[in-house]
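Thanks, everyone. Have a look at the structure first.

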Amino acid sequence: MNARDPQARHTPPLPYPPFTLLNRPPATPPPTARHPQLWTIQLHWWNRHTPHPNERHCHFCRQLWPCASWFHWDDLLRRSIGHRTGRDPGLS
């Protein structure tokens, strides 16, 4: 950690890596979830707007993936556990 970098000092360690197609959100809310009662709903819609293997379109709305709804639900899941938002939805 660089003491001169103000973001490095104020960024707490995060217990879970970002979610991707290869690293999906857990089925149960992580202990750090701010609103665990919403996790199941958010995860349900995250999964519905995720393509089937080897497909390039959203399973639910059939738009080219990642669709706008997937970004929305991914953002809510990430915010609920304190992750920053605005990332590339890549596979890794």
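The accessible surface of the protein comes to about 6,300 Å². Carbon and sulfur atoms own 57% of that surface. Keep in mind that this is a predicted model. The protein has 92 residues, and 30% of them count as buried.

Now the layout. There are 3 helices and 0 strands. Along the sequence, the pattern reads α-α-α. On contacts, take pairs of residues at least 6 apart in sequence: 45% of those contacts join residues at least 24 apart.

Let's go to α2. This helix covers residues 36–48. Does its length agree with what we expect, or disagree? At 1.5 Å a residue, its 13 residues should span 18 Å, and the end C-alpha atoms are 19 Å apart, so the two agree.

Which residues of α2 are buried? They are Trp39, Gln42, Leu43 and Trp46. Looking down the axis of α2, these buried residues fall within an arc of 105 degrees, so they line one face of the helix. Turn to the other side of α2, and Gln37 and Thr40 are exposed.

What does the buried set pack against? The buried residues of α2 pack against α3, residues 68–80. The axes of α2 and α3 come within 9 Å and cross at roughly 145 degrees. The crossing is left-handed. From α2, the contact is made by Trp39, Gln42, Leu43, Trp45 and Trp46. From α3, the partners are Trp70, Trp73, Asp74, Leu76, Leu77 and Ser80.

Glutamine 42 sits in helix α2. Why do we call glutamine 42 buried? Because its relative accessibility is 8%, and the cut-off for buried is under 20%. Which residues does glutamine 42 touch, once neighbours within four places in sequence are left aside? Trp73, Leu76, Leu77 and Ser80. Each of those four names is also on the α3 side of the helix contact.

Same length check here. At 1.5 Å a residue, the 13 residues of α3 should span 18 Å; the end C-alpha atoms lie 19 Å apart, so that agrees. The buried residues of α3 are Trp70, Trp73, Asp74, Asp75, Leu77, Arg78 and Ser80. The cover over them includes α2.

The residue to look at in α3 is leucine 77. Leucine 77 has 0% relative accessibility, so it counts as buried. Leave aside its neighbours within four places in sequence, and leucine 77 is in contact with Phe19, Pro25, Trp39, Gln42, Leu43 and Trp46. Among these, Trp39, Gln42, Leu43 and Trp46 are the buried residues of α2.

Last stop, the end of α3. The helix is followed by glycine 82. The phi of glycine 82 is positive, near 90 degrees.

To recap the pairing: α2 presents buried residues along one face, and those residues pack against α3. Glutamine 42 and leucine 77 both belong to that contact. That's it from me.

Definitions and conventions: Residues are numbered from 1 along each chain as its sequence is written. This is a predicted model: local features need pLDDT of at least 70, side-chain atom pairs count only at pLDDT 80 or more; totals for chains, interfaces and linings use all residues. Side-chain values use heavy atoms; hydrogens and water are left out. Helices (H or I, at least four residues) and strands (E, at least two) are DSSP runs, numbered from the N terminus. Buried means under 20% relative accessible area, exposed over 50%, partly exposed in between (1.4 Å probe, protein chains only). Contact means heavy atoms within 4.5 Å. Accessible areas come from the Shrake-Rupley method with a 1.4 Å probe; for residues, only the protein chains shown count as cover. The expected span of a helix is 1.5 Å times one less than its number of residues. The arc is that of the directions from the helix axis to the C-beta atoms. Axes are lines fitted to C-alpha atoms, for helices over the stretch in contact, and angles run from 0 to 180 degrees between N-to-C directions. A crossing is left-handed if the near helix is turned anticlockwise from the far one by less than a right angle, and right-handed if clockwise.
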